[in-house]
Amino acid sequence: MRHQGSPGAIGERDPRSGAFVEDFSAILVNRGMLDTFAVRRAQRAQSQSGERFDLVLTRLGLLTESQLAHVLCEHLGLVAASAADFPEAALFPEQLSIAFLKSSRMLPIQDHAQEQGGAQEQGDAVVVAIADPFNTEALSALSFLLKRPIERRLATAGDIDQAIDRLYGPKHAPASRADIATRSAADDGTDDDVRRLEDLASEAPVIKLVQELVVRAVEQQASDIHIEPREDCVRVRYRIDGVLHTVETLPLSVRLAMSSRIKVMAQLNIAERRLPQDGRIKVVVRGRDIDLRVSTMPTMCGESVVLRILDRSSVALDFSKLGFEGAGLAHFKQLLAEPNGIILVTGPTGSGKTTTLYTALGALNDSGRKLFTVEDPIEY
């Protein structure tokens with residue numbers, strides 16, 4: 001069943017094709033949204049990963065969802081939809097499941113038959129907001145299910161997800177941190193229920209909370225994020241210049257939601273809270289690739305979580321910038337030139353031990369040497 005909005009034309013514009021990549025890149029450069037360096041970076045990432053070019057742009061943090069949607073609307077000849085265009089009540093709630101809508105990231109927002117006040121007919125279109133304009137299969141499935149033509153609108157994934165939770169599954173999406181606390185406290189008695197922990201970790205408010213903590217830490221140039229459950233609260237502290245600073249105090253009942261979310265991101269066992277675990281997370285903050293080294297530790301009040309922030313773009317692998325100079329630098333380079341031996345680097349957390357060793361490796365790395373490192377975990 002054909003739906004409106006030129007699905008055929010959109011389907012022919014393969015976002016993985018070279019033609020689409022070149023055309024879309026030219027638009028972004030001409031609009032001043034990206035420079036040539038950023039576009040080339042995205043093109044390299046797209047060619048290496050095989051992902052769609054539009055998805056690569058948001059994954060790298062080069063464009064926000066709203067920016068991408070705006071450009072796609074113009075490029076593909078679509079109409080944009082915002083949260084203000086969404087209905088107050090769910091459309092077709094008996095025919096559509098929340099799982100189907102969430103997996104396809106689309107939302108019915110207008111029914112022309114209801115507006116006309118008459119009975120629904122096969123010719124009356126349903127207006128649907130969708131996050132992925134290239135997902136024509138889902139739109140065709142919806143058109144077949146409703147036996148109605150579809151008019152598509154393009155909206156951001158975040159707006160659609162929130163609207164789906166609000167309209168089709170209010171019991172599945174708390175709207176505030178207080179709601180997270182209520183759900184988390186209720187689930188404390190069933191900690192071994194992995195499914196509940198996964199659902200708790202996938203809810204929008206806890207995702208936003210964890211993301212905000214990471215973004216703020218990167219912006220303040222913190223080296224670590226410490227999430228510490230106490231008897232009456234969960235304390236969040238940033239390590240800045242070697243000193244821990246309390247930045248937020250949260251209700252104790254959010255600890256399960258936060259730790260579960262971080263474990264899911266780090267691909268750890270969310271049901272295991274009696275043993276320490278270590279993992280890694282890769283995120284993009286303000287267009288910069290950030291690695292997070294995750295360490296969990298059981299305590300009397302619950303799991304303590306530490307996230308070590310590794311910002312490769314801010315690391316200066318240069319001896320002079322690290323404070324080496326004069327006789328000390330000459331002596332260290334002489335030791336590096338020795339044919340065998342060991343150099344022991346010690347110091348407190350965040351003092352630059354790993355950076356010093358990587359700088360030394362850079363000094364040794366040339367075409368005449370074969371280098372191996374033994375690291376646990378590998379930081380860079």
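What follows is a chat about the fold, the rings, the sheet and a few loop residues.

Q: Before we start, what kind of model is this?
A: It is a predicted model, where local features need pLDDT of at least 70 and side-chain atom pairs count only at pLDDT 80 or more, while totals for chains, interfaces and linings use all residues. Residues are numbered from 1 along each chain as its sequence is written, and side-chain values use heavy atoms, with hydrogens and water left out.

Q: OK, how many helices and strands does the protein chain have?
A: The protein chain has 15 helices and nine strands. Both are DSSP runs numbered from the N terminus: helices are H or I with at least four residues, strands are E with at least two.

Q: And what share of the residues is buried?
A: Buried residues account for 42% of the 380 in the protein chain. Buried is under 20% relative accessible area, exposed is over 50%, and partly exposed is in between, using a 1.4 Å probe and protein chains only.

Q: What percentage of the contacts join residues at least 24 apart?
A: Taking contacts in the protein chain between residues at least 6 apart in sequence, 57% join residues at least 24 apart. A contact here is heavy atoms within 4.5 Å.

Q: Switching to rings. How many aromatic pairs are there?
A: The structure holds six aromatic pairs. One of them is Phe-20 with Phe-24: the ring centres are 5.3 Å apart and the planes at 15 degrees, so this pair is stacked. Rings of Phe, Tyr and Trp (its six-membered ring) pair if their centres lie within 6.5 Å, with planes under 30 degrees apart called stacked, over 60 edge-to-face and the rest tilted.

Q: Where do Phe-20 and Phe-24 sit?
A: In helix 2 (residues 18–30), four residues apart, which puts about one helical turn between Phe-20 and Phe-24. Phe-20 counts as buried because its relative accessibility is 3%, and Phe-24 counts as buried at 0%.

Q: How are the rings of Phe-24 and Phe-53 arranged?
A: Their centres are 6.5 Å apart and their planes at 90 degrees, so Phe-24 and Phe-53 make an edge-to-face pair. Phe-24 is in helix 2 and Phe-53 in helix 4 (residues 53–59), so the pair ties together parts that are 29 residues apart in sequence. Ring pairs link Phe-20, Phe-24, Phe-53 and Phe-134 into a cluster.

Q: Is strand 9 mostly covered or mostly open?
A: Strand 9 (residues 302–311) is mostly covered, with nine of its ten residues buried.

Q: How many bridges join strand 8 to strand 9?
A: Ten bridges join strand 8 (residues 288–299) to strand 9, and the two run antiparallel. Leu-292 has Ile-309 in strand 9 as its bridge partner, and a hairpin connects strand 8 to strand 9 through two residues.

Q: And strand 4?
A: Strand 4 (residues 224–229) pairs with strand 9 in the antiparallel sense over four bridges. Ile-227 stands opposite Val-305 there, and His-226 is opposite Val-306.

Q: Last topic, loops. Where is Lys-147?
A: Lys-147 is in the loop between helix 8 (136–146) and strand 3 (150–154). Its phi is positive, about 55 degrees, although Lys-147 is not a glycine.

Q: What about Arg-105?
A: Arg-105 is in the loop between helix 6 (98–104) and strand 1 (106–111), with phi near 50 degrees. At 34% relative accessibility, Arg-105 counts as partly exposed.

How values were computed
Pairing = 2+ DSSP bridges.
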